[in-house]
Amino acid sequence: MSDARGRILVVDDTALNRAILGRALRGQGHEVVEAADGRAALAILSEAADGRSIDVVLLDIEMPEMDGYETLHRIKADERLHDLPVIVISAVDALESIVRCIEMGAADYLPKPFNAAILHARVSTSLDAKRLRDLELEYLEQVDRLTAAASAVEEGAFEPATLEGVSSREDALGQLARTFQRMADEVRAREDRLRAEVRELRIEIDTVRQARKVSEITETDFFRDLRERAPHLRRIVDDPSVDPR
Amino acid sequence: MPDPTLDTAALVDLLETVGDDPEFLAELIDTYLADGPGLLAELRAGLSSGDGAAVRRAAHTLKSTSATFGATRLAALGREMEAAADTGDLAAVASRVETAETEFAAVTIELRATAGAGITSRSGAS
């Protein structure tokens, strides 16, 4: 269990409970955001304006309007929030509620009355789990980018910049990305050389064709005869009184 | 043996949970004692109008917050009223409201006296 710090959302309709949990969590080094009901909690979770996401949710079950069950269900149904750890707050004698929430995807439960050591342990464990999951998701996203890059190479549309970030990793995936970039660069360089050779070849072929056309004309008896008569023909052009025969 | 009116060990736990801050604990106690009459009023209002959900919510909050502050007998009453409201037995809730009100008065006296005398955490802070 680490001493990781996080941004914790406390959802409880009882102001006293929010005050107690807020004080305890801030004392343990966390940043705390409070919501008095399920709807306010979902609004906070959906909001990404400040770019700071929530790391763990502490969720009371018994709340008016939208209770903890409904709030938990909506969090788990939202693809963007599905992996967010939710710790349900419950009285110790509410075993059925706790089981139901865990079956719905809650990561853990926090018994009431609150105990500082248990609070610290449950939140730290959930923070560690979230950090691991975030790393896993980042890894999978970068594997996807490498796979997409392979397809792009086959289509001739690969851009090296798409692997930035992946190629800077120090693990095996980063090494694979750097090797891939090198190979893609070599393929590109080879293709460029090939195109240049083809261009040169075309020029040579055109030159040979032209030369052949010229010789088809200049190596005939007619042309040889014309060349011999060229000076006489020039004299006729210059002086029309010259006998053309 | 019946539950005591006040379990001071719970107050020590609460003091430690809020970082051994006696002033903050005193504020929490004030808030709990200030909210109590309102909760009991909600219970009575719910019983008058037959609103089982409102009765259940008030009983649940009374149970939960009273346990937090060591008011064990009041928390037990809250648990009984919540369980009765769960089954729709508002008569059973009504039969306990007056006892809850009397118990809350006793809790107020003991809690103020205990807080006045000072609560010491296990680490020695008070």
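Q: Are B:Tyr32 and B:Phe104 buried or exposed?
A: The model is predicted, so local features need pLDDT of at least 70 and side-chain atom pairs count only at pLDDT 80 or more, while totals for chains, interfaces and linings use all residues; side-chain values use heavy atoms, without hydrogens and water. Residues are numbered from 1 along each chain as its sequence is written, with chains lettered from A and ligands numbered from 1 in the order in which they are written. Relative accessible area (1.4 Å probe, protein chains only) sets the classes: buried under 20%, exposed over 50%, partly exposed in between. By this rule, B:Tyr32 and B:Phe104 are buried.

Q: Which residues form one aromatic cluster with B:Tyr32?
A: Rings of Phe, Tyr and Trp (its six-membered ring) pair if their centres lie within 6.5 Å; planes under 30 degrees apart count as stacked, over 60 as edge-to-face and the rest as tilted. The cluster that contains B:Tyr32 also holds B:Phe69 and B:Phe104.

Q: How many aromatic pairs are found over all chains, and what geometry does the pair A:Phe158 and A:Phe180 have?
A: The search of the whole structure returns three aromatic pairs over all chains. For A:Phe158 and A:Phe180 the ring centres are 5.6 Å apart and the planes stand at 80°, so the pair is edge-to-face.

Q: How many residues apart in sequence are the parts that A:Phe158 and A:Phe180 tie together?
A: Helices (H or I, at least four residues) and strands (E, at least two) are DSSP runs, numbered from the N terminus. A:Phe158 lies in the loop between helix H5 (116-154) and helix H6 (172-218) of chain A, and A:Phe180 lies in helix H6 of chain A, so the pair ties together parts that are 22 residues apart in sequence. A:Phe158 and A:Phe180 are buried.

Q: What is the angle between the planes of B:Tyr32 and B:Phe104?
A: B:Tyr32 and B:Phe104 form an edge-to-face aromatic pair, 6.2 Å centre to centre. B:Tyr32 belongs to helix H2 (residues 22-49) of chain B and B:Phe104 to helix H5 (residues 90-117) of chain B, so the pair ties together parts that are 72 residues apart in sequence. The angle between the planes is 70°.

Q: What is the area buried between chain A and chain B?
A: Contact means heavy atoms within 4.5 Å, and 16 residues of chain A are in contact with 21 residues of chain B. Buried area is the accessible area (1.4 Å probe) that two parts lose on being put together, summed over both. Carbon and sulfur atoms give 63% of the area buried between chain A and chain B, which is about 1,600 Å².

Q: Which residue of chain A forms a salt bridge with B:Asp21?
A: A salt bridge is a side-chain nitrogen of Lys or Arg within 4 Å of a carboxyl oxygen of Asp or Glu. Across the interface of chain A and chain B the rule finds two. In the one that involves B:Asp21, the closest N and O atoms are 2.6 Å apart, and the partner is A:Arg23.

Q: What is the relative accessible area of B:Lys63?
A: B:Lys63 lies in helix H3 (residues 52-68) of chain B. Not counting residues up to four places away in sequence, B:Lys63 touches A:Ala91, A:Asp93, B:Ala75, B:Gly78, B:Arg79 and B:Glu82. B:Lys63 is buried, with a relative accessible area of 7%.

Q: With which residue do the side chains of A:Lys130 meet in a salt bridge, and how many residues apart are the two?
A: The side chains of A:Lys130 and A:Asp55 meet in a salt bridge at 3.5 Å, N to O. This pair links distant parts of the chain, with A:Lys130 in helix H5 of chain A and A:Asp55 in the loop between helix H2 (38-46) and strand S3 (56-60) of chain A. A:Lys130 counts as buried at 11% relative accessibility, and A:Asp55 is buried with a relative accessible area of 13%. The partner is A:Asp55, and the separation is 75 residues.

Q: Which peptide bond is cis, and what is its omega?
A: A:Pro113 lies in the loop between strand S5 (108-112) and H5 of chain A. The cis peptide bond joins A:Lys112 and A:Pro113, with omega about -5°.

Q: What is the phi of A:Glu65?
A: A:Glu65 is placed in the loop between S3 and helix H3 (68-77) of chain A. At 77% relative accessibility, A:Glu65 counts as exposed. Although A:Glu65 is not a glycine, its phi is positive, at about 65°.
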